[in-house]
Each structure stands twice: as C-alpha cells, then as structure tokens.
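I wanted to go through this model with a notebook open and write down what I looked up. Here are my entries, in the order I made them.

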Amino acid sequence: MEVEKIETSKIEITTTPTETRSLESRSVASEIELEKGKLILLGSEIKFELDDLLRASAEGLGKGNFGNCYKAMLVDGPTVVVKRLRDLKPLTNDEFVRQVRAIGDMKHPNLLPILGYCNTNDEKLMLLKFAPNGSLYNRIHGGKGRRDRIPFRWSSRLSVARGVARALEHLHLNCSSSQTAAVVVPHGNLKSTNVLLDENDDVRVSDYGLTSLIALPIATQRMISYRSPEYLASKKVSKKSDIWSFGCLLLELLTGRISSHSAPPGVTGADLCNWVHRAVREEWTAEIFDTEIAVQRSANSGMLRLLQIAIRCCDKSPEKRPEVSELLREVESINSPVLDSEDEEEDLSLSMDQSRTDDSIATATPSR
C-alpha cells in the first residue's frame, strides 16, 4: 500500500517540542561510554561499525520520557538517533535482547524503524532512523501566526490520521509471541510528539512497544495510555487504551489545540475530550475545527466524519470504542477533497492575515 505524503511547513521543526540543541557538536563517544563489540544492527538497511558511531558528531535532542536522545551524524554513513533507555524493568540481558528484537521485527511503512541496539552493563541503547522533518506536534502548533507558515491543510491532516491508524492496526495485530505477555497496550504512548515526518514527509510513528521494557511504576507516570478513563477509574489498561489515545490525537489534529493528556512539560493543554463533547452537546460544533481547515468548505463532511470517529474512540467505556481494524476502515473511507478555487482564496487570505492570534490557540485552554 502506498504511503501518503503530507505537506511540511517552512518553519523551524524539532524532533520534540522540548528539544534543546547543543551549541557545539561533540562526538558520541564523549556523550556515551560503550564497550567494544556491543553494537548490534538489525536488518541490512544500514551498515557501520561501533567505531563509526563513536566518531560521529552528536547533537542533543533533549530528554525524553525514558532517557536522553542524540542525533548522531556519521562521517560516511546515515544520520541516526541514539536513544538511551532508562527506568527499565529488571530484565536479564537475554530478556532485553529478545524484547528489543521483537520490537524491531514490527516493521511497517508508518513505523519508525529500529536500526539496532547496544546492550552493556552500563548502557541500554536503541538506534533509530532519523526523521528530519520533525514531529506532528510541531507541524500542528509550530509557527502559528508567522508569515512563513504554510497552512496545515485538511488533506494533509487526513493523511496523518490514515498513516497513524495503519501503524496502530499493524501493532495491534502483529504483537509477537515473545511480547504478548508483556505488552498489554501495543503502543502505550501514542501522542503527537511521537508521530514523526521523515525525509519524504511520510508518517512514522515512534516509541512503540516500550511497555515491554519500561518498569511499570514509571510507565504509569509517563505513558499516555495510563491517563485513559479506565486506568483512572480501575487501574486497568488494554488495547482499547491505545484507541483512546488515537482519539485524543485526532482531536488535536482537528482542533489545532493541545491536549492536556499529551502536553509537553511547561505547556498548558486542555481536556479536548470533554470540551468536544460539550461542543457537540451544545450544538456549536463548527467552532471546534482549527481555522486552517475550517475555511476549506469542501472538507466539511470529511472533518465531521473524522470528528465522529474521534468521539467514539474517546468514549469513557473501552467496550464502546471501535476495534482497530474497524477504526482503520472508517478513517480510510473518508475521501480527500479536491481543493477548489474558493478554498484556495480562503486559504490565501488566512495565510496573509497577520492579525490572527494563533499562538493562543496552541497554548490556551479552549473556550467557546
């Protein structure tokens, strides 16, 4: 199946919203101490030695939920991301390797590939493909109100929803036997900062499968699935918790506003599930949609259909949420509209209007 492309804006995009780039580039060896012979590459997509990685210039990508990440630029090779894993379960070396390999086997065009790993007494690392066009979070919220921002159009947002739904179905239907007991929630941490755009602007979902590696007390504090209604009510999660997370992601796509469930540190979000339910109940649904897509009149029916899907995914009762394959069918059944001349005129007017206060949309609690 062909992977759909989405537009990227000519704005500064970072791998995560809290990314901090180092002012001077240092080598990987100066950041991470690795033992010789402990780098294992998965598959034949890339070939380099541990010494090549250690000599690569390293650039900090900030502290993630489960450890620091570095962008490593090899002299005669690809650019990769080195993810240092912290707060792991008390796994033996064999158990760690088995779980990482199981995650690496989950290959799909819309999943960010795991290229390899390092396993020493002092360091547990993952090597990941680098996605140069940043995260969905930045595509939605970055550069709002700036003249050089390219509007994030409806067709592109629909392509994102399809790509994430395909990745989620693959994860749910293809958990390996070695992971089944450990992975109650196949992704567990689905949010806009973990949806990346690669060099071709294809959707790549990252941070999947970590529930098999991360210690449960840490997972309950930092993973999105553990903020679902069922965990808050009964301390239980399931595959349907991923469906709830996907629903929250759809609402962020549709509204252009930040969800409190996945807001990065220091950013104020809103409970989009409750806000949207209130909007529908009080019949001011038209005010839900992000201004960048609300002006595209030919997209109205598609936006309403995706909103209905999102609301079903966010149902407080897990049993009432759709199964992942049904969810994918419904998302893919929404047709991409042809941008007509009226839409183009509205879109141009929106881009040139510098009186907008879009920055407040990205940070403020939604209100009618």
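**Entry 1: the cores**

I began by noting that this is a predicted model. Then I looked up the nonpolar cores. The largest has 82 residues. Met126, Trp154, Val164, Phe246 and Leu306 are the residues with the most contacts inside that core.

Which residues does methionine 126 contact, leaving aside its neighbours within four places in sequence? I found Val81, Val82, Lys83, Leu85, Val100, Ile103, Ile114, Gly116, Tyr117, Leu210 and Leu213 on its list. I also noted a second, separate core, which has 16 residues, including Ile46, Leu50, Leu54 and Leu127.

**Entry 2**

Next I turned to helix packing. Two packed helices are described by the angle between their axes and the distance between the axes, so I looked up both values each time.

H5 packs with helix H9, residues 239-255, at an angle of about 170 degrees. Their axes are 11 Å apart. Angles over 145 degrees count as roughly antiparallel, and H5 and H9 are therefore roughly antiparallel to each other.

On the H5 side I listed Trp154, Arg157, Val160, Ala161, Val164, Ala165, Leu168 and His172. On the H9 side, the contact is made by Lys239, Asp242, Ile243, Phe246, Leu249, Leu250, Leu253 and Leu254. Sorted by class, the residues of this contact are 12 nonpolar, one polar and three charged. Trp154, Val164 and Phe246 were already in my notes, as they are among the residues with the most contacts inside the largest core.

**Entry 2: H5 against H13**

I stayed with H5, residues 154-173, and looked up its packing with helix H13, residues 324-332. Their axes come within 9 Å and cross at roughly 160 degrees. That makes H5 roughly antiparallel to H13. I wrote down the handedness too: the crossing of H5 and H13 is left-handed.

From H5, the residues that meet H13 are Leu158, Ala161, Arg162, Ala165, Arg166, Leu168, Glu169, His172 and Leu173. H13 contributes Val324, Ser325, Leu328, Val331 and Glu332. By class I have eight nonpolar, two polar and four charged residues for the contact of H5 with H13.

**Entry 3: positive phi**

Most residues other than glycine have a negative phi, so I went looking for exceptions.

Aspartate 207 has a phi near 65 degrees. I found aspartate 207 in the loop between strand S9 (203-205) and helix H7 (216-222). Glutamate 283 has a phi near 60 degrees, and lies in the loop between helix H10 (272-281) and helix H11 (291-294).

Is aspartate 207 buried or exposed? With a relative accessible area of 16%, aspartate 207 is buried. Glutamate 283, at 72% relative accessibility, counts as exposed.

Serine 245 lies in helix H9 and is buried, with a relative accessible area of 1%. Not counting residues up to four places away in sequence, serine 245 touches Leu190, Ile224 and Ser225.

Serine 192 lies in the loop between helix H6 (177-180) and strand S8 (195-197). Its relative accessible area is 1%, so serine 192 is buried. Leaving aside neighbours within four places in sequence, I found serine 192 in contact with Ser135, Leu136, Tyr137, Leu249 and Glu252.

Methods. Residues are numbered from 1 along each chain as its sequence is written. This is a predicted model: local features need pLDDT of at least 70, side-chain atom pairs count only at pLDDT 80 or more; totals for chains, interfaces and linings use all residues. Side-chain values use heavy atoms; hydrogens and water are left out. A nonpolar core is a set of buried Ala, Val, Leu, Ile, Met, Phe, Trp, Tyr and Cys residues joined through side-chain atoms within 4.5 Å. Buried means under 20% relative accessible area, exposed over 50%, partly exposed in between (1.4 Å probe, protein chains only). Contact means heavy atoms within 4.5 Å. Axes are lines fitted to C-alpha atoms, for helices over the stretch in contact, and angles run from 0 to 180 degrees between N-to-C directions. Helices (H or I, at least four residues) and strands (E, at least two) are DSSP runs, numbered from the N terminus. Angles under 35 degrees count as roughly parallel, over 145 as roughly antiparallel, 65 to 115 as roughly perpendicular and the rest as oblique. A crossing is left-handed if the near helix is turned anticlockwise from the far one by less than a right angle, and right-handed if clockwise. Ala, Val, Leu, Ile, Met, Phe, Trp, Tyr, Cys and Pro count as nonpolar, Asp, Glu, Lys and Arg as charged, and the others, Gly among them, as polar.
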